[in-house]
Amino acid sequence: MSSATGATERRIVGWQPATVREVIRETPSATTLILDVPGWRGHRAGQHADIRLTAEDGYQAQRSYSIASAPEDGYPSITVERLDDGEVSPYLVDDAQPGDALEIRGPVGGWFVWETSDGGPLMLVAGGSGVVPLRSILRHRALAGSDAPARLLLSARAPESVIYRDELAGADTTITYTRSAPDGWTGYARRVDRDMLAAVGFAPAERPRIYICGPTAFVEGVAADAVALGHHTDRIRTERFGATGG
Amino acid sequence: MDENDARLDGNAAAGLLAEVFAFDATTAMVRCSSCGHADPLGAATVYSHAPGVVVRCRGCSGVLMRFAEIRDRVMVDMRGAAWVELQATG
Amino acid sequence: MPITRGFRRRAESPGDAALPPGQYLTPGFPVLSAGPTPHVPLDAWRLTVGPQSWTWDEFLELPSESITVDIHCVTSWSKLATNWEGVSVDTLLEGLEPGAYVMAGSYGGYTTNLPLEDLTDGKAWVAYNYEGEPLEPEHGGPARLLVPHLYFWKSAKWVTELEITETDEPGFWETLGYHNYGDPWREQRYWGD
């Protein structure tokens, strides 16, 4: 009985030093940090890593972030969204500078990954910052020259909260706004539901590989809708983001 | 934080599991001792906002595994897993 | 290990308040759970202490107290001067044979163990109101054990039973490396502390 895509990596994974190489402000509340990690051995699209910060008094905090870069980029980057009363995210989004020292543990996660050899069609559904690992998947698909059909359905609160908007724009990307839409918007302006999934996604007969990422309630709702539409649970992979304290 | 935020999946425990098992555990299949349901660990329900990490069966909510980081050690209790299946690297 | 420039813990200044070693004030009220939040209909809720059992209505008829206490979580956050309303465990133990230990059991299966004497003489309550409002499910409502002088994992959420025993049996976290007693002032977080 096979359980995974690709071989399980038997490698000791521990904390390694990482330095912020570049800071890219994506939206008013989200920042991408490109990291230098000596000895980084690459990752697969969809994986994530744990990041640890150490204060001068020795206090440590760690959080988990999806890797935003594609394997072909050769470096790990993370995109962090600020949680207002968070402890770590405000620092990473607003304060981190090139040269800052962090620690990284990873990459981890072999289940929520996609490689071109997995084929398509690929149906990606993102809630808010759940778009980060899906962007890694799409970036990998593009850089590897895959022709697997792919569609992205992205749920965002408002236009200014759409991360990677220009990079992801295109005929195969559908955005739905749940709080405020741009002026003159004629697209979806409601939470993802079964009708929207049916209209935007691939039909069950096409057996798409479905990746759903975002807050727990979003992921569980979309997964249930996908199953109700006839998609098989074995084709659905999920990653839930929690409010991990920010 | 509402109760949905407290409930994550095995992907959230991947970093800790990777230190414990020295391989990627999220693709490992785990069978629940209580109800027999089997899932990849990445799909299991994880509660990580606690003094430790609790991995629960998607079928019956029974505890599959528990982990606690105690100083420089990790305590692991896998009694809730009837078996764990891994892919050999060959 | 590398120090991250400019990063610090998010905490209020404790001012003159004395906190147990290794603790920091938190502005919120973190939710830490080992499992799904149980949703027990009040007409099905029961509290069992030794041989006695109360329904929700019977429980609310018991004499209750308003108390203000400091609470300390083993994950390092503390909250000072939190306000609760609940029934003293002394009231629940009235008329019962004394025992040595208690295993507190919760809806959902959580357990934690304490010496009986740490639940008596005004040291513990079964609390159902927090800051003047009914205790929310994610914080242990409808009722939780409240034992402020020990780390907060001993204050079992969704408590349904206090089993009185002669022998001490470690509970959910106590079997996984957490200290059997848990005094925050002696920083008894883990086995061997």
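1. Two strands count as paired if DSSP finds at least two bridges between them, and strands (E, at least two residues) and helices (H or I, at least four) are themselves DSSP runs, numbered from the N terminus. With that in hand, look at A:Tyr211, which stands opposite A:Arg237 in strand E11 of chain A. E10(A) and E11(A) run parallel and are joined by six bridges.

2. Some housekeeping before going on. This is a predicted model, in which local features need pLDDT of at least 70 and side-chain atom pairs count only at pLDDT 80 or more, while totals for chains, interfaces and linings use all residues. Residues are numbered from 1 along each chain as its sequence is written, and chains are lettered from A and ligands numbered from 1 in the order in which they are written.

3. How does the chain get from E10(A) to E11(A)? The path goes through helix H5(A), and this β-α-β crossover is right-handed; that is, with the strands pointing away from the viewer, the path from the first strand over the helix to the second runs clockwise.

4. Now the whole sheet. Five strands of chain A make an open sheet with parallel pairing, in the order E9-E8-E7-E10-E11. Strand E9 (173–177) and strand E11 (236–241) of chain A are at the edges with a single partner strand each, so one side of each has no neighbour in the sheet. From one strand to the next, the twist averages 10° (axes are lines fitted to C-alpha atoms, for helices over the stretch in contact, and angles run from 0 to 180 degrees between N-to-C directions).

5. E10(A) also has a partner in E7(A). Strand E7 (residues 122–127) and strand E10 (residues 209–215) of chain A pair in the parallel sense over five bridges. In E10(A), A:Cys213 is the bridge partner of A:Ala126, and A:Ile212 that of A:Val125.

6. Helix H2 (residues 131–143) of chain A touches E7, strand E8 (150–156), E10 and E11 of chain A, and its direction makes about 155° with that of E8(A). Helix H5 (residues 216–229) of chain A touches E7, E8, E10 and E11 of chain A, at about 150° to the direction of E10(A).

7. Is E10(A) mostly covered or mostly uncovered? Mostly covered: seven of its seven residues are buried. Buried here requires 20 or more other C-beta atoms within 10 Å of the residue's own, exposed is 12 or fewer, and partly exposed lies in between, with C-beta atoms placed from the backbone.

8. Chain A is divided into domain 1 (15–108) and domain 2 (116–241), with bounds from an automatic or database domain assignment. Their C-alpha centres lie 24 Å apart, and 17 residues of domain 1 of chain A are in contact with 14 of domain 2 of chain A. Strand E1 (15–27) and strand E5 (77–81) of chain A each supply at least two residues of the domain 1 side.

9. Finally, chain B. Its elements run α-β-α-β-β-β-β-β-β-β from the N terminus on, giving two helices and eight strands. Buried residues make up 53% of its 90 residues.

How values were computed:
Contact = placed C-beta atoms within 7 Å.
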